[in-house]
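Work through the exercises below with the sequence and the coordinates at hand. Each task is followed by a stepwise solution.

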Amino acid sequence: MEQRKNKNEIYDVNSLTSLEKLEPIRVRPGMYIGSIGSRGLHHCIWEILDNSIDEISNGFGTEAAVILNKDGSVTVIDNGRGIPTGVHKLKKKTGVEMVFTELHTGGKFNNNVYKTSGGLHGVGAAVVNALSKWLEVEVKQNEHIYKQRFEYSYDKALKKNMPGTPVTSLEVIGDTEETGTKVTFMPDSSIFSTVDFKFDIIDERLKELAFQNKGINLKLIDNRNGDEIKKEYHSERGLLDFIDYLNESKTTLHKEPILFQGDRKLEDINMQGEVCIQFTDSTTYHILSYVNNIPTTESGTHESGFKTGMTRAFKDMGKKLNLIKDVEFDGDDLREGMTAIVKIKISNPVFEGQTKTKLGNTEAYTMMNDLSYTKLCEWIEDNKDTAAIIMNNAIDAAARREKIKKINDAEKKKIGKGAAPLAGKIAVCTLKDCSNCEFIVVEGDSAGGSAKQARDRRFQTIMPSKGKIMNTEKQKLENVIGSEELKIFNTAIGTGILENYNEKDLKYDKIIILSDADVDGYHIRTLWMTYIYRYMRQLISNGHLYIALPPLYKVYKQNRSKEVVRYAYSDGQLSSAKKEVGKGALIQRYKGLGEMNPDQLWETTLNPESRTLQRITIDDAAKAEKMVSLLMGDVVAPRKKYMYKYAQF
C-alpha cells in the first residue's frame with residue numbers, strides 16, 4: 001500500500017498533546033459533570049453541597065445554605081470543621097489549595113475521616129473551580145477566618161491562561177470562634193450553554209436532603225432580583241415525611257407507611273440501609289433510591305437487592321401464613337401502586353461514572369436483599385390484613401399483565417414492524433434505520449394534514465391526534481389499554497408498555513409532540529407526557545421524548561421582489577423580529593398549527609436545520625413523580641392549593 005506523504009498527516013511523538021493541571025476538565029467537562037447545559041450547571045452546586053452534607057451526616061455540623069447572588073454567582077456555606085488550612089508536608093501547599101487545584105485530593109479515600117460520603121473521587125471542588133471564571137473560599141478554623149481566590153487567568157510558570165489559578169495566597173482576614181466553609185463561584189459562560197440557576201431545581205434538592213437527614217437545617221436564599229427570597233428545610237420524621245410529600249395527591253391503601261432500617265459490615269465495608277414503603281391505588285410504581293444522600297437515578301445494586309428481598313418476603317410469608325389462596329405473582333406485580341424510598345449509606349461505594357447515578361457494589365445488593373427480606377417478613381407477620389391487601393393487589397396486577405401482553409401480541413400480529421399506515425391514520429416514513437427516524441404526534445386533523453404534506457417522508461412519521469387523549473393518571477389500566485388512540489400510538493412505537501416495555505423494539509429515535517402554542521395545546525402536551533411518563537417512562541429516561549416549539553408570530557414584509565420573513569417563538573422575540581424585518585413590518589399571530597401552510601410548518605417546526613426541539617428529561621425524579629400526581633391525579637385539595645399559590649403565574 002502506498003504511504004501518504006502529507007506532513008499534516010504524520011503521527012509521531014510530536015503529535016501528542018499533554019493537558020496541564022485542570023485543563024482536561026475544561027476540554028471535556030461532560031466527563032465530570034454530565035453535560036454543559038442546565039443539568040451540568042446545577043451539578044456544580046451539588047459537588048460543593050455534597051461536601052457540606054458529608055460533614056453534617058458524619059456528625060461534624062448541623063446546617064448548610066445555598067445563596068444565589070445578584071451577580072450570578074452561587075455561595076454554599078456550612079458549619080462543619082472547615083477544609084484543612086495547614087501546609088501539606090510533601091506538597092508544600094495548603095489543604096485549601098490542594099482541594100481546589102488538584103484532582104483526587106480529599107479525605108474520603110479511606111474511612112478514617114468520613115464513615116460515609118457522597119463525594120468520593122476528590123475531584124468535585126477542583127472541577128467547579130476549573131469551570132468557573134473565579135472562585136473564592138473562606139474557611140473558619142483555628143479561631144481564624146482564612147480566604148483564597150482562584151481565577152481563570154495567566155499562569156506564569158506555564159506562560160498561558162489556566163483554569164483555577166490561585167491569584168492570592170491563603171490569607172487570614174479575621175478572627176472567629178466558629179468553624180465552617182464558605183465557597184462562592186461564578187460559572188464560566190464560555191463553558192456552559194446556560195448560567196441561569198433555577199430556584200425550583202435547587203429547592204427540590206434541598207427538600208430531599210432534609211428528608212434524608214432528619215434534624216439538619218438547610219436554607220436557600222435568592223438575592224438575584226432585589227427582594228430576598230428565603231426558604232428553610234427541616235424534617236423531624238425523615239423518610240416518613242418524604243413519603244407523605246410524595247403521596248400527598250394519591251389515594252393510599254394503608255395509612256401507616258412501612259419503615260425499616262438496619263446496618264451490616266462486610267469485610268471492610270460499613271453499610272446502613274433504610275427503606276420506606278407505601279402502597280397506593282396507582283397502576284404504576286415508583287422507587288427513589290439514594291446512596292450517601294446522592295440520588296441514584298439509574299438505580300443500582302442497592303435497589304435491585306431491595307426488590308429481590310421484598311418479593312421473596314411476600315411470596316414466602318404469603319404461603320407460610322396462608323394469607324392468600326394463590327401467590328402466583330412476580331416482583332413487578334407486587335410493586336404495582338408502590339411508592340418506595342431506598343436509602344443506603346456505605347463506605348467505599350463504587351459508582352458508575354463521576355456523576356454517581358448508579359451503584360455497583362455487590363455488597364450493597366447482599367445487604368439490602370437480606371435486610372428487606374428479614375424486616376418485611378417481620379412486618380407481614382405483624383400486619384397480616386394489610387399484607388393480604390397488598391398480595392391480592394399483586395394477583396390482580398398479574399392478571400392485568402397477562403391481559404396487556406395478549407393485547408400487545410394481537411396488535412403486533414395485525415400490524416407488523418415497518419408496515420403500511422396504521423388504521424389509515426399514520427403516514428409512515430420509508431427509512432428502515434430506526435436511529436434516524438422520528439415519530440411526530442400532531443394536534444388535530446387539520447394540522448396533521450399539513451404536517452403530512454410538509455414532512456420529509458424519508459424519516460418523519462406523522463400521527464394526527466384527535467384533540468385530547470384521556471387523562472391516564474385518573475383512568476384504570478383496562479381503560480388505558482382499551483383506548484384506540486393510545487393503542488395506535490403503542491403499536492406504531494413498537495415497545496410495549498409498563499413491564500412489557502422493550503427498548504430493542506423501538507422503531508423511532510425521536511418521539512416528538514407537536515401542539516398549538518396555547519392553553520389547549522399545553523394541556524394536550526401534558527396529557528401525552530403523563531401517559532408516556534406512567535406507561536413508557538424509558539422513552540424519557542433514555543432521551544427519546546421531545547416537544548416541538550411552533551412559532552407564535554410571523555413577522556414579514558414585501559421588499560422589492562423578495563419577501564422578508566422572521567418567526568418569533570415568544571412575545572420576547574417579537575420586538576427583535578420586527579427590528580430585523582424593518583419599517584413597515586406586518587405581524588401574523590398564529591392561533592394554531594392549522595393556520596400554517598405546509599411550507600411554513602416545514603420551515604419553522606419540522607425542518608431539523610431550523611426547528612426548535614426541547615428534550616424532556618427526568619433529572620429530578622422525585623419532583624416529576626410529585627407533579628404528575630398533583631396536577632393529573634384524583635385528589636383535588638393539593639391541586640387547588642397549588643393553583644392558588646401559582647395563580648399569578
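**Exercise 1.** Find the ring under the charged end of arginine 81 and give the distance from its centre.

Solution. Step 1: apply the criterion, by which a charge sits over a ring if NZ of Lys or CZ of Arg is within 6 Å of the ring centre and within 35 degrees of the ring normal. Step 2: the ring is that of phenylalanine 60, with the charged end of arginine 81 3.5 Å from its centre. Step 3: arginine 335 likewise has its charged end over a ring, that of tyrosine 285, at 5.3 Å from the centre.

The model is predicted: local features need pLDDT of at least 70, side-chain atom pairs count only at pLDDT 80 or more, and totals for chains, interfaces and linings use all residues. Residues are numbered from 1 along each chain as its sequence is written, and side-chain values use heavy atoms, with hydrogens and water left out.

**Exercise 2.** Sort residues of helix α12 (residues 445-454) into buried and exposed.

Solution. Step 1: take helices as DSSP runs (H or I, at least four residues), numbered from the N terminus. Step 2: buried means under 20% relative accessible area, exposed over 50%, partly exposed in between (1.4 Å probe, protein chains only). Step 3: Ala447, Gly448, Ser450, Ala451 and Ala454 are buried. Step 4: these lie on the same side of α12, because they cover an arc of only 165 degrees around the axis, taken from the directions from the helix axis to the C-beta atoms. Step 5: the face turned away from the buried side carries the exposed Asp445, Ser446 and Gln453.

Terms used
Helix = DSSP H or I, 4+ residues; strand = E, 2+ residues; numbered from the N terminus.
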